[in-house]
Each structure stands twice: as C-alpha cells, then as structure tokens.
Amino acid sequence: RDGEGPFAAAWGDRGIPVEAHRMSPVQLLHRLGVLRRGTLCIHAIQLDARDIATLADATVGVAHCPLSNRAHGHGTAPLAELRRAGVPVGLGTDSVVSVGALDLWAEGRAAGLEGEDALRMLTFEGARALCMEKMIGSLEVGKQGDLAILADYPSNRLTVLVTLVSGRIVHRA
C-alpha cells in the first residue's frame, strides 16, 4: 500500500524497487484486471470491508491457511466476514516449510471449524474456491470421486487402508 514495511525493506535490500500505490493489494489487483472468477487469493489476511466486497463482486476464491498465518505472525484472515459476503473460501496448508505438516484437519481446527462445517470447507467450499465445484468437492453422480478410507488404531495412528482417485484404486494397505 505505502511501499514500506518488512517486505519492502527486504526487496529494497535486494535492489528491487517497491512503488507505493496508495491502495490495498486487493484494490490494486482489481484495478489491474486480475480479479475475476478463477482467481485464487492465498492468505487474504489484511482485508477491509471494501476489499471483501471487491473479492465477492469479482467471484474470487480464497485459500485460507491459518496455521501458516499464525506461524509467520501475519495475522488472521477475516473468515466470518468473507463467508458472510459469499466469497468462496477453502482451506490450504501453504507449505510443509511453513507448518511442518500438510494436515487440512489441523487447518480446520486452527480456523475454529468443527464437524460438518469443517468438512464442507475442506471439500465443497474448497472446490468452489477453485471454480471446480461442478467436477469435485462432493460425492455426486457425474463428479470425479476421490476417496480415502482410514483406520484409527488405538495407538492414535491413522493408517490409510485404501485410496481411490477418479474411481480407481491407487493405494491399498
């Protein structure tokens, strides 16, 4: 926004100039024509009401990565506000470098989601954020069906028994 801060300083140290645009990154992306259906914004942490409305109007999806945001101290995405505005939000892990494990259920817990709400955000809402809800995200006739069957042993060790991708078994314990 202002061409200042830790990222601008890091870029400046590398000789990369940072221009102050005097608008939020969301508004800059909107002005540049980047925001449209099919665009996926990752993290989307520091948003104001205008940014959220802009994302909703542009039918942009968001990948919410709460554990990475927490690990790096970047803040918390306004998840409730995004969802109320109708912005499709799915959960992401960012990377194994950020959080050490690619555990979407842990991301759901970190986002304060439980039960059906967590499951919906991990499946259908994630597909909506990727503009793929007509192909994936729910078990329906005509959609691609991926399925993992897990066993939870008394030792608290989850084991994948069978994995199906597009209806084909790709792993069997």
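Select Arg120 to begin: at 41% relative accessibility, Arg120 counts as partly exposed (buried is under 20% relative accessible area, exposed is over 50%, and partly exposed is in between, with a 1.4 Å probe and protein chains only). Before going on, note that this is a predicted model, in which local features need pLDDT of at least 70, side-chain atom pairs count only at pLDDT 80 or more, and totals for chains, interfaces and linings use all residues. Residues are numbered from 1 along each chain as its sequence is written, and side-chain values use heavy atoms, with hydrogens and water left out.

**Stop 1: the salt bridges**

Is Glu125 buried or exposed? At 10% relative accessibility, Glu125 counts as buried.

How many salt bridges does a search of the whole structure find? The search turns up six. For another one, pick Arg37 and Glu133, whose side chains meet at 3.7 Å, N to O. Arg37 sits in the loop between H2 and S1 and Glu133 in the loop between H9 and S4, so this pair ties together parts that are 96 residues apart in sequence. (Helices, H or I with at least four residues, and strands, E with at least two, are DSSP runs numbered from the N terminus.) Glu133 counts as buried, at 19% relative accessibility.

Next, go to Arg22 and Asp2, where the salt bridge is 3.2 Å, N to O. Arg22 is in the loop between H1 and H2, while Asp2 is in the segment before H1, so the pair ties together parts 20 residues apart in sequence. Arg22 counts as exposed at 61%, and Asp2 as partly exposed at 37%.

**Stop 2: from Asp2 to Arg84**

The C-alpha atoms of Arg84 and Asp2 are separated by 29 Å. With 65% relative accessibility, Arg84 counts as exposed.

**Stop 3: a nonpolar patch**

Select Trp11, Ile16 and Val18 and show the surface. Together they form a nonpolar patch with about 270 Å² of accessible area (patch residues have over 30% relative accessible area and no salt bridge; like charges are joined within 9 Å, nonpolar side chains of Val, Leu, Ile, Met, Phe, Trp or Tyr within 5 Å; areas come from the Shrake-Rupley method with a 1.4 Å probe, and for residues only the protein chains shown count as cover). Trp11 belongs to helix H1 and is partly exposed at 45%.

**Stop 4: the largest pocket**

Here you find about 1,200 Å³ of space. (On a 1 Å grid over the protein atoms alone, a pocket is an open set of points where a 1.4 Å probe fits, with protein on both sides within 12 Å along at least five of seven lines; lining residues have an atom within 4 Å of a point. Grid points are joined across faces, edges and corners, and a volume is the space filled by probe spheres set on the points.) Of its 26 lining residues, select those closest to the centre: Arg1, Phe7, Pro25, Val26 and Gln46. The elements giving two or more residues to this lining are helix H1 (6–13), helix H2 (25–31) and strand S1 (40–42).

Methods:
A salt bridge is a side-chain nitrogen of Lys or Arg within 4 Å of a carboxyl oxygen of Asp or Glu.
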